[in-house]
Amino acid sequence: MRKSLLVIALLPLLLLATSAYAVLITLNSADINQLGGTGLVDVNCPANSCQVTKVSWTLTSSPPFRVDKVNVQWKTAKSSGATYNVCVSLYDSSSAHLTSGCQAQAANPDPVTTFVDVDPNVNPKDVYKVEVVIVEQ
């Protein structure tokens with residue numbers, strides 16, 4: 001019984017020993033790294049009507065014939081004062097990346113064809129998928 005009374009008497013002291021104390025921390029704005037964000041912003045497509053009209057191919061001029069350029073027909077969203085980067089990636093039947101390349105394209109009021117040189121050149125039989133990415137610079 002004496003041990004029980006001793007434990008009961010010490011219990012409040014043990015609880016006080018595990019309490020956490022709040023401490024006020026003061027900082028100046030100069031001590032805080034700057035942070036900013038845009039919030040949600042719509043992403044606009046750089047192609048007019050967000051559409052590529054056609055993709056065609058240029059082969060090397062001598063055997064063995066390989067895909068040398070991917071020709072992307074499209075209309076720029078702006079008619080002047082902008083430059084776009086047109087990037088193309090080619091993939092095989094298992095969606096493994098084969099080759100890619102990028103080419104700058106100036107804004108134009110008329111439809112354009114951007115000739116994107118891919119490196120390395122690849123065998124046409126291996127090309128199953130094409131991805132076109134257009135970025136306004």
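Mentor: Start with the S-S bond of C45 and C50: the torsion about it is about 85°, so this disulfide is right-handed. Keep in mind that we're looking at a predicted model. The two sulfurs of C45 and C50 are 2.2 Å apart. Now, how open are the two ends? C45 has a relative accessible area of 31%, so we call it partly exposed. C50 comes out at 54%, and because the cut-off for exposed is over 50%, C50 counts as exposed.

And what is a disulfide, anyway? It's a covalent bond between the sulfur atoms of two cysteines. The count here comes to 2 disulfides, so let's move on to the pair C87 and C102, with an S to S distance of 2.0 Å. This pair ties together distant parts of the chain: C87 lies in strand β3, while C102 lies in strand β4 (residues 97-106), 15 residues apart. The torsion about the S-S bond of C87 and C102 is about 110°, so that disulfide is right-handed. As for the ends, C87 has 19% relative accessibility, and since buried means under 20%, C87 counts as buried. C102, at 43%, is partly exposed.

Now number the bonded cysteines in sequence order, and the pairing reads 1-2, 3-4.

Terms used: Residues are numbered from 1 along each chain as its sequence is written. This is a predicted model: local features need pLDDT of at least 70, side-chain atom pairs count only at pLDDT 80 or more; totals for chains, interfaces and linings use all residues. Side-chain values use heavy atoms; hydrogens and water are left out. A disulfide is a pair of cysteine sulfur atoms within 2.5 Å. Buried means under 20% relative accessible area, exposed over 50%, partly exposed in between (1.4 Å probe, protein chains only). Helices (H or I, at least four residues) and strands (E, at least two) are DSSP runs, numbered from the N terminus.
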